[in-house]
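This report describes a structure with its sequence beside it. Please look at both before reading on.

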Amino acid sequence: MKSLTRLLGNSSGRLRFFWRQICRNLAASAAITLAGLGTSGCSSAVTEQADIVIINGAEPESLDPAIITGQGEARIVRGLFEGLTRLDPKDAVPVPGLAERWEILNDGSVYIFHLRTNAVWSTGEPINVDDVIYSWLRVLDPMTGAEYAGQLFFIKNAEEYNTGKIKNPSALGIHKMDDYTLRVELTGPTPFFLDLAAFPTLAVVPRDSIEKHSDRWIMEKPLPTSGPYTLESWRIHDRVRLRKNPRHWDAANVQNTLVDFIPMESAMTAMNLYLSGQADILWDKTIIPSELMDVLSLRPDCHQFDYLGTFFMRFNVTRKPFDDVRVRKAFSMVIDKQRIVEKITRAGEKPATHFVPKGMVTYQPPKGLAYDPETARKLMAEAGYPGGKGFPTVVYLLKSGKLDEQIGVELQAMFKEHLGVRMELRQAEWKVYLAAQSALDYDLSRSSWIGDYNDPNTFLDMFMGDNGNNRTGWKNPRYDELIREGNRQVDPKKREKILQEAEVLLIREEVPIAPLYFYAGVNFFRPKEIEGIYFNLLDEHPIHAIRRVSRNRESRN
Amino acid sequence: MYFLKRILTMIPLLLIISFMAFALIRVAPGGPFDRERKPASPEIERALRAKYHLDEPLVKQYFRYLGGVLKGDFGPSLKYRNHTVNDIIKQGLPVSLALGGMAFCFAMGVGIPLGFYTAVRRGQWGDYIGSFFALLAFCIPAFVVGPVLIMIFAMKLQWLPVALWHSPLHFILPTVALGLYFSGRIARLMREGMTDTLHAGFITTARAKGLSESAILWKHAFRLAVLPVVSYSGPLLADLLTGSFVVENIFRIPGIGVFMVNSTINRDYTMVVGLVLLYAVLLLVMNLLVDLSYSLLDRRVRYE
């Protein structure tokens with residue numbers, strides 16, 4: 001130690017000159033550091049504390065309601081832009097939004113919406129029917145690149161307009177009756193149209209800003225918004241901050257002033273941030289550490305509930321051996337789903353035999369194939385593969401991710417044990433996985449689907465023959481006809497029966513898919529501190545209803 | 001003259017790099033607009049591809065892109081459609097620069113003295129302890145150091161914040177997590193350099209001349225011994241300044257390190273090429289600076 005202190009102490013003139021040289025890089029980097037700090041989050045750190053801090057999953061790809069596709073984005077956007085209806089915070093059913101009331105005519109194929117006359121943009125200008133029509137036409141214009149434009153295809157001629165078969169927007173079933181009355185003609189009775197009207201894709205957006213700033217309109221200051229909040233700031237990968245819009249028609253009932261959304265990709269960091277009390281709510285399923293769920297789910301601030309999502313397996317029916325329905329059935333019947341939800345996923349998921357999750361008011365899903373290895377082996381023998389003899393090695397396509405890998409390994413073991421077949425895993429990064437699935441370049445594929453609205457159609461129409469989301473190669477005219485007939489049907493009981501019949505085809509008779517489990521909603525928040533979050537199938541919790549009741553340090557640990 | 005030539009050769013190099021990145025990311029399967037849910041109609045996807053000129057021949061796309069780059073415009077992000085690549089770099093780069101700069105200072109500030117000390121104390125207890133810590137730092141990756149630091153200093157002791165990037169207190173843990181590995185590396189480089197130099201003939205000569213030990217160590221030995229560290233520091237700085245995926249992810253830091261990896265996964269073509277170019281320029285400039293400092297440190301090195 002002696003020599004070092006002596007050396008360091010001995011920094012006379014010549015040495016200083018020397019230091020200057022070798023520290024060239026150091027000095028340069030220090031300068032960069034300081035310059036960086038000056039402009040980075042440090043200086044722009046907001047001193048004002050948010051009422052509510054929410055950990056919200058991946059960085060939003062956009063905050064433009066027409067463009068967004070993810071739930072995390074939708075949760076922010078619903079605060080900024082409102083549609084004719086909006087979701088009730090409790091059960092997520094549509095309630096009056098910008099429209100204060102509506103009439104439903106012609107057995108549900110015509111809607112007359114009466115807009116509020118007191119609804120204004122956050123910048124003060126009134127919101128009227130022209131704004132609604134502009135917003136909807138914008139979504140339908142292919143140039144907007146609105147991938148969710150299909151939410152509007154239930155309107156007469158909307159799909160034709162989107163695909164360019166009709167050029168004139170006046171041919172659409174969207175008609176202005178006066179400044180505050182809108183008449184919407186649909187292709188048929190659409191019992192979930194009010195749900196769709198609450199969907200962000202159909203929200204009302206500011207025409208002037210969009211025409212002036214094109215893709216970057218959302219960054220305009222001040223940004224005119226139609227919802228209960230305005231966009232205070234958006235620093236990419238840092239946070240989105242919303243501030244209460246005092247001009248909103250329902251501003252009196254907005255329960256908070258400032259809400260922060262923290263984008264997050266690491267489940268561990270999310271949990272640490274929440275547990276250390278720096279965030280109030282953690283509500284994105286992709287950032288819940290599933291390996292800790294057996295411990296976490298016992299906490300009083302862990303809330304689990306049914307959710308509108310299904311994890312399933314696709315069969316490629318265009319390839320041997322899965323072109324044989326007996327083989328598909330056999331594979332479906334040897335999956336021990338209970339084991340998968342208990343040993344692997346562990347966040348309150350429920351085993352699935354049918355595709356549409358339970359809990360919809362209008363629909364009771366039919367029973368699917370039960371776990372029955374005995375029958376499965378018989379089916380395999382009938383198909384010419386007794387005990388798995390002569391069965392080719394098949395490949396299970398999955399995306400990268402620990403959970404998906406564990407499920408793949410488990411399936412591999414189950415198929416081996418009960419059917420005597422060999423299955424290999426092909427793990428691919430997300431985009432490669434999607435491309436392979438779309439091109440039907442797989443034998444079996446890990447799959448999942450999240451419902452958009454509270455109706456079985458959001459699950460069932462994807463397996464129609466020409467639907468881009470089908471991706472099994474399975475086409476069945478009877479199925480397509482049943483879905484169409486169901487959606488034409490006015491009587492809810494009859495409609496339910498028809499759609500059930502379609503689902504039976506899907507999960508019991510033709511089996512192009514094997515459902516594994518239903519996702520569970522998981523939210524973390526401390527009930528002593530936060531109120532106004534209710535659990536519903538859509539896992540939607542409008543932020544205007546969320547209220548802080550206390551800042552109780554004790555309950556945080 | 002030599003450096004002018006070096007700078008000029010950067011131009012074709014950057015062109016080749018950018019074209020490779022531009023072409024290769026497009027060859028990878030899947031595209032920026034592929035998702036679980038297909039767009040409602042093929043027309044939408046077609047319009048999107050047309051909007052971002054992805055329907056044009058590759059070479060035409062490249063020259064269009066190059067034209068933008070020359071004007072300082074790296075194009076719109078295909079994933080974050082409300083932002084341009086310039087927006088994202090402008091917001092994220094200062095953060096990564098700050099973190100990288102601090103980690104660099106930390107690595108140098110710890111590594112050089114530690115290496116120096118262990119070399120001077122070679123074969124003694126100080127050397128063993130110091131070298132052990134250097135080796136430890138060198139062996140534990142950031143994805144272990146980060147969570148351990150968080151567990152101790154943020155969760156247990158609650159001295160420092162868990163994550164985010166809002167105040168100087170937030171800078172400490174990520175800086176250590178990022179810099180620790182490199183401090184170990186630098187300490188080892190420094191120690192080797194110093195040990196080698198101390199065995200050189202001119203040191204013996206200096207000793208024979210009766211120079212004081214400190215003059216020998218500092219004036220004669222250190223200067224040469226630090227050269228490996230200097231040549232390593234250039235690419236290291238370029239590496240650190242462009243952010244670290246692991247550390248930015250663990251501490252949820254809004255830098256561009258996360259984009260370096262995610263833009264590739266997302267097939268965000270413009271973002272990938274923009275970041276590759278940024279990294280390439282930094283790397284070339286840093287290497288040039290290193291060569292420059294060589295001539296200053298070692299008088300035997302002359303550039304013609």
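In which loop of chain A is A:D539 found? A:D539 sits in the loop between strand 18 (530-531) and strand 19 (547-548) of chain A.

## Basis of the model

This is a predicted model, in which local features need pLDDT of at least 70, side-chain atom pairs count only at pLDDT 80 or more, and totals for chains, interfaces and linings use all residues. Residues are numbered from 1 along each chain as its sequence is written, while chains are lettered from A and ligands numbered from 1 in the order in which they are written.

Helices (H or I, at least four residues) and strands (E, at least two) are DSSP runs, numbered from the N terminus.

## Chain B

Chain B has 13 helices and zero strands. Its C-alpha atoms fill a box of roughly 85 × 60 × 30 Å along the principal axes. Of its 304 residues, 46% count as buried; a residue is buried if 20 or more other C-beta atoms lie within 10 Å of its own, exposed if 12 or fewer, and partly exposed in between, with C-beta atoms placed from the backbone. Two residues are in contact if their C-beta atoms, placed from the backbone, lie within 7 Å. Among contacts in chain B between residues at least 6 apart in sequence, 73% join residues at least 24 apart.

Helix 1 (residues 2-27) of chain B packs with helix 13 of chain B at an angle of about 155 degrees, their axes being 9 Å apart. Helix 1 of chain B is therefore roughly antiparallel to helix 13 of chain B. Axes are lines fitted to C-alpha atoms, for helices over the stretch in contact, and angles run from 0 to 180 degrees between N-to-C directions; angles under 35 degrees count as roughly parallel, over 145 as roughly antiparallel, 65 to 115 as roughly perpendicular and the rest as oblique. Residues of helix 1 of chain B in this contact include B:F3, B:L14 and B:F22, and those of helix 13 of chain B include B:Y269, B:V276 and B:L288. By class, the contact of the two helices has 16 nonpolar, one polar and two charged residues. Here Ala, Val, Leu, Ile, Met, Phe, Trp, Tyr, Cys and Pro count as nonpolar, Asp, Glu, Lys and Arg as charged, and the others, Gly among them, as polar.

## Where the chains meet

The contact between the chains takes 69 residues from chain A and 66 residues from chain B. On the side of chain B that touches chain A, helix 4 of chain B gives the most, with 14 residues. That side of chain B has 39 nonpolar, 14 polar and 13 charged residues.

Helix 9 (residues 267-275) of chain A has buried residues A:T269, A:A270, A:M271, A:N272, A:L273 and A:Y274. These buried residues pack against strand 1 (52-55), strand 11 (281-282) and strand 17 (513-525) of chain A, together with helix 6 and helix 11 of chain B. Just after helix 9 of chain A, A:G277 has a positive phi of about 80 degrees.

## Strands of chain A

Four strands of chain A form an open antiparallel sheet in the order 4-5-7-6. Strand 4 (99-105) and strand 6 (174-178) of chain A stand at the edges with a single partner strand each, so one side of each has no neighbour in the sheet. The twist averages 20 degrees from one strand to the next. Two strands pair if DSSP finds at least two bridges between them. Strand 5 (residues 110-115) and strand 7 (residues 181-185) of chain A pair over five bridges, and A:V110 has A:E185 as its bridge partner. Helix 5 (residues 129-140) of chain A lies across strand 5, strand 6 and strand 7 of chain A, at about 170 degrees to strand 6 of chain A.

Strand 8 (residues 229-235) and strand 9 (residues 239-244) of chain A pair in the antiparallel sense over six bridges. Their hairpin has three residues between the strands, and A:H237 there takes a positive phi near 65 degrees.

## Backbone details in loops

A:D539 is not a glycine but has a positive phi of about 55 degrees. A:D539 is buried, with 23 other C-beta atoms within 10 Å. B:H53, also other than glycine, has a positive phi near 60 degrees. B:H53 is exposed, with 12 other C-beta atoms within 10 Å.

A cis peptide bond joins A:K221 and A:P222, with omega about -10 degrees. A cis peptide bond also joins A:K320 and A:P321, with omega about 0 degrees.
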